[in-house]
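Hi! Here is the structure I promised to pass on to you. Have a look at it first, and then read my notes below.

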Amino acid sequence: MNLSTTPTPRATPADSRVLLGLSEPELQQLALDFSQQGYRGKQLHHLIYKRKIKDIQDFSQVPLAFRNELEEAGWKVGRSPIYNTVTAADGTVKLLIKLEDNRLIETVGIPVQDEKGLMRLTACVSSQVGCPLRCSFCATGKGGFSRNLKRHEIVEQVLAIEEIFQHRVTNVVFMGMGEPMMNLKSVLEAHQCLNKDVQIGQRMMTISTVGVPNTIKRLASHKLQSTLAVSLHAPNQKLRETIVPSAKAYPLSALMKDCSDYFNETNRRVSFEYALLAGVNDAVEHARELAELLHQWGRGYHVNLIPFNPIEGSEYKRPSKRAVQAFAAALESGKITVSTRQTRGLDADAACGQLRNKFQKSPLVSESDNLQPEPEADVAVAC
């Protein structure tokens with residue numbers, strides 16, 4: 001055998017030999033590492049992100065020898081099968097995706113037609129398998145926590161939604177299963193891939209968090225043009241601790257200070273998510289207290305009210321329409337910008353984690369009870 005023609009690709013850990021998530025320059029370099037011409041990397045990029053092909057052997061434009069060499073070296077596209085699909089009467093589609101370790105994650109496609117008849121398609125993506133924060137009203141937390149998702153496991157959710165709808169995703173919200181800030185490295189890598197490779201504008205993406213110490217500052221340092229959504233759910237520390245147990249380690253005053261600093265550093269408005277729970281946090285007095293809290297910490301805030309989606313085994317109930325309207329009116333009279341999220345997919349287990357829990361009955365065993373976010377490597381994120 002002529003050793004001079006044997007490809008000598010760079011050493012790559014076997015568990016990271018996934019094409020999905022790589023940029024066009026990275027794929028070009030990969031082609032060069034296999035003694036191919038650089039344009040083969042451009043072909044790979046097109047096949048992965050435009051054609052959405054899931055198997056290397058289906059890359060018909062690429063020479064068979066190159067395909068075989070990639071597979072022999074342990075490379076794969078990195079797409080997982082769809083395990084289950086549920087479609088609601090309003091067109092919302094919830095997918096269960098089966099990962100390589102047989103764990104199930106949820107992703108949701110939400111179509112909305114505007115007044116011009118154009119469709120906005122939002123993908124609500126998960127960032128973890130389960131969630132360790134165990135918010136009292138959340139179905140995902142009741143299902144336990146297993147691990148963080150990798151970059152490609154986040155990106156593939158968007159491609160799966162595009163495939164189901166045969167329509168490009170226009171908006172992405174990191175509001176599915178898990179706490180994005182506890183997997184910030186992979187979330188930022190996926191965000192960059194969705195922006196640069198899947199071609200979704202940064203302003204069309206939202207990263208949500210219930211609040212993890214020291215992470216909002218880290219996110220601010222990247223100066224993304226995306227929206228930060230903070231799940232608040234209560235106007236004071238005492239009530240918040242009963243709804244969000246992790247709030248004990250991250251006082252409301254510290255969270256609000258970080259949000260204020262985030263706005264000052266990025267000039268991007270912070271959105272506050274507020275799940276309305278009947279008889280718990282939905283009184284007009286709570287709305288007035290919330291308005292006072294937000295005014296105390298500056299400007300540039302918006303509140304998105306979310307009437308609770310009933311879940312099996314929960315003690316919480318959905319508030320009446322009148323209570324929701326009264327809460328919103330109290331915020332508006334306090335000069336707070338407010339919107340009420342339209343409930344979608346109620347007949348498709350709308351609340352995050354519900355569908356997964358139906359199929360993965362046993363709560364996932366946490367690999368660690370340590371609630372510290374994953375250390376973040378340097379991630380270049382272009383605006």
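**The sheet**

Ten strands make up an open sheet with mixed pairing, in the order β1-β2-β3-β4-β7-β8-β9-β10-β11-β12. Its edge strands, β1 (82–87) and β12 (337–340), each pair on one side only. On average, neighbouring strands here are turned by 20° against each other, direction ignored.

Before going on, a word on where this comes from: it is a predicted model, where local features need pLDDT of at least 70 and side-chain atom pairs count only at pLDDT 80 or more, while totals for chains, interfaces and linings use all residues. Residues are numbered from 1 along each chain as its sequence is written, and side-chain values use heavy atoms, with hydrogens and water left out.

Helices (H or I, at least four residues) and strands (E, at least two) are DSSP runs, numbered from the N terminus. Two strands pair if DSSP finds at least two bridges between them.

**Around β3**

Let's start with strand β3 (residues 104–113). Seven of its ten residues are buried (under 20% relative accessible area, with a 1.4 Å probe and protein chains only). On one side, β3 pairs with strand β2 (residues 93–98) in the antiparallel sense over six bridges, and Val-93 sits opposite Gly-109. These two strands form a hairpin with five residues between them, and Asn-102 in the turn has a positive phi of about 70°.

β3 also runs antiparallel to strand β4 (residues 119–124), again with six bridges. Here Val-112 is opposite Arg-120. β3 and β4 make a hairpin as well, with five residues between them, and Gly-117 in its turn has a positive phi of about 85°.

For a parallel pair, look at strand β9 (residues 227–231) and strand β10 (residues 270–276), joined by four bridges. Ser-231 stands opposite Glu-273 there.

**Helices that pack together**

Which way do α10 and α11 run relative to each other? Helix α10 (residues 284–296) and helix α11 (residues 321–333) pack at about 30°, with axes 8 Å apart (axes are lines fitted to C-alpha atoms, for helices over the stretch in contact, and angles run from 0 to 180 degrees between N-to-C directions). That makes α10 roughly parallel to α11, a label for angles under 35 degrees; over 145 is roughly antiparallel, 65 to 115 roughly perpendicular, and the rest oblique. Val-284, His-286, Ala-287, Leu-290 and Ala-291 in α10 meet Ala-326, Phe-327, Ala-330 and Leu-331 in α11 (contact means heavy atoms within 4.5 Å). Those contact residues divide into eight nonpolar, one polar and no charged. Nonpolar covers Ala, Val, Leu, Ile, Met, Phe, Trp, Tyr, Cys and Pro, charged covers Asp, Glu, Lys and Arg, and the others, Gly among them, are polar.

Next, helix α5 (residues 151–165) packs against helix α6 (residues 184–196) at about 40°, with the axes 8 Å apart. The two are therefore oblique to each other. Arg-151, Ile-154, Val-155 and Val-158 of α5 make the contact with Ser-186, Val-187, Glu-189, Ala-190, Cys-193 and Leu-194 of α6. By class, that contact has seven nonpolar, one polar and two charged residues.

Finally, helix α1 (residues 24–33) and helix α2 (residues 39–49) have axes that come within 7 Å and cross at roughly 130°, so α1 and α2 are oblique to each other.

Happy browsing!

Terms used. Buried means under 20% relative accessible area, exposed over 50%, partly exposed in between (1.4 Å probe, protein chains only).
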